[in-house]
Amino acid sequence: MSFISNTKEQQKDMLADIGSTIDDLFSDIPAELMTDEFNLPKGLTEQQVRGALAEIADKNYINLTCFLGGGFYDHFIPAAVYSVISRSEFYTAYTPYQPELSQGTLQAIYEYQSAICRLTEMEVANASLYDGGTAIYEAMMMALRVTGRNKVIVDDSVNPIYRVMIDSYTKNLSIQLEQVECTDGQANRREIFKKLDNDTAAVILQNPNFFGCIDDFSDIADAVHKKGALMIVSCYPISLGILKTPGAMGADIVVGEGQSLGMPMSFGGPYLGFMSSRMKYVRKMPGRIVGKTNDRLGRRSFVLTLQAREQHIRRDKATSNICSNEALCALTAHVYLSLMGKEGLRETAQLCADKASYAYHKLTAIPGVKPRFKAKWFFNEFVLDLPCEAADVIARLIEKGFAAGFPLSRYYENMENAILICVTEKRTKQQIGMLAEALETCL
Amino acid sequence: MVIEGLFYTEEHEWAKVNGNTATIGITHHAQEMLGEITFVELPAVGKEVEQKGELAVVESSKAASDVYSPVTGMVTKVNSDLESTPEQINQDCYNAGWICTMKITDVSTIDNLMDSKKYEEYLKGL
């Protein structure tokens, strides 16, 4: 955007033109909220500001060996991803206005949608949502629209951050949320089936779940469909390189956090929510969808389709109040997936699983360290019980150069000693060995 | 184009009343304003709707618009042809483009509707 000057003289002209004063323009703000003082420190020179900011930035531990997961993952990002996405033609955070003028952007989104469909084995994907948490909320609202019901069952091994987001989004809506406690790291079928009835709109599950455990929800899908409800599955896209897809399990809506597809871990974003579904529900799907068609001369072209249900047309009756997409992050995911290819993604997923398995054996050999769950099926994350409080051990390991894992007591009761450890393809055998050594000394 | 013998609403729905049964659609003016209709979200049979309540959604390339019920009643039949050929509303809104039939549960709600003459005048005033 070009710079628009705003001098005192121009302000005077503009105010004279509308016959008003600056104070008049702010008169709607109650007097008690107006202030002349903001308690700000005195101004600094540019050099002083840089110094002060660098000092704050230095408080971050930036070179820790990362075994931290819990929804965001430290995967390798090929340099080509940045080269492609930083091309000026692509460099926009949103779908452009007058979108059809930007055929390249629309083609990229269309290809991203196709990639998400293939990855999740679903029939239609939207142009993306804000992040994994908003995507799961949007999926839930979509299920309510499809079924006309208002009860939702959520497994408590769904990422707790997502569940907090669902809670805050729905606090003032009359939705009956039923949480089911998982059992030994797996979705508790008995409890889910007990709660599942003809008022149920959806069952929300995650695979691998927050504890890293993997599952096959096909039996739940059958039961859910018999009651006319929808199964929503949140998934970790890298894991789909080797795991059974939510589509193959019979999921109706698949969502997830797309950060692992080429986006760095960076203080909460910007990240990427993806969503795919069955074609029969496309009109209930939130957000925008790019379609392929032919123009009047028969040339292939891309258009925003099904826009009529978006907020700028349908106002309060729109399918969602998210009226845009994470265009640049979606592009990143698409470029990453294109570079990896089918084989590369499978290999990456296999490496994650193999290395995690190696780490699991290495760490559980430490006296006093025990696996939390009996079931040994996990992808690249697992939960260990330490002989003392996990948060303390994690703090001590930071001093030794490791982001060793996530203390589960932050979100779960009776898990004071439990640590969630993640291993991606980036971790080496040596790093895993060093973590094991350091952990043993910190207990 | 307005057909004699039908009842009309200010929101451009028409109702053909036969005893306590009404056939419902949107008017020629409505389909003209909407443009090419691409999808119709039909109500569920058995749905009970008050007069002016939301009955269906008609989606065109320009907008998705609610169709409001001209009468108070219950949906008895829907025109499922519209699922595959929604353009029937553009081509023949008063016949093949009907949306649903309803059993009128409050016959007095018909008194709130316009006849063809009144609707024609109403259109002129828009």
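Reply: Two strands count as paired if DSSP finds at least two bridges between them. Helices (H or I, at least four residues) and strands (E, at least two) are DSSP runs, numbered from the N terminus. The model is predicted, and local features need pLDDT of at least 70, side-chain atom pairs count only at pLDDT 80 or more, while totals for chains, interfaces and linings use all residues. Residues are numbered from 1 along each chain as its sequence is written, with chains lettered from A and ligands numbered from 1 in the order in which they are written.

Me: In strand 6 of chain A, which residue is the bridge partner of A:Leu205?
Reply: Strand 5 (residues 200-207) and strand 6 of chain A run parallel, joined by 6 bridges. In strand 6 of chain A, the bridge partner of A:Leu205 is A:Val233.

Me: Through which helix does the chain cross from strand 5 to strand 6 of chain A?
Reply: This β-α-β crossover is right-handed, a term that applies if, with the strands pointing away from the viewer, the path from the first strand over the helix to the second runs clockwise. The helix crossed, residues 218-226 of chain A, is helix 9.

Me: How many residues of strand 6 of chain A are buried?
Reply: A residue is buried if 20 or more other C-beta atoms lie within 10 Å of its own, exposed if 12 or fewer, and partly exposed in between, with C-beta atoms placed from the backbone. A:Leu230, A:Ile232 and A:Ser234 point one way from the strand, A:Met231, A:Val233 and A:Cys235 point the other way, and all are buried. For strand 6 (residues 230-235), the buried count is 6 of 6.

Me: Is A:Ser128 buried or exposed?
Reply: A:Ser128 is found in the loop between strand 2 (124-125) and helix 6 (132-147) of chain A. Its phi is near 105°, a positive value in a residue other than glycine. Because it has 30 C-beta neighbours inside 10 Å, A:Ser128 counts as buried.

Me: Is A:Asp184 buried or exposed?
Reply: A:Asp184 is found in the loop between strand 4 (176-180) and helix 8 (189-195) of chain A. Its phi is positive, about 50°, although it is not a glycine. With 11 other C-beta atoms within 10 Å, A:Asp184 is exposed.

Me: What is the omega of the peptide bond from A:Asn207 to A:Pro208?
Reply: A:Pro208 is found in the loop between strand 5 and helix 9 of chain A. The bond is cis, with omega near -15°.
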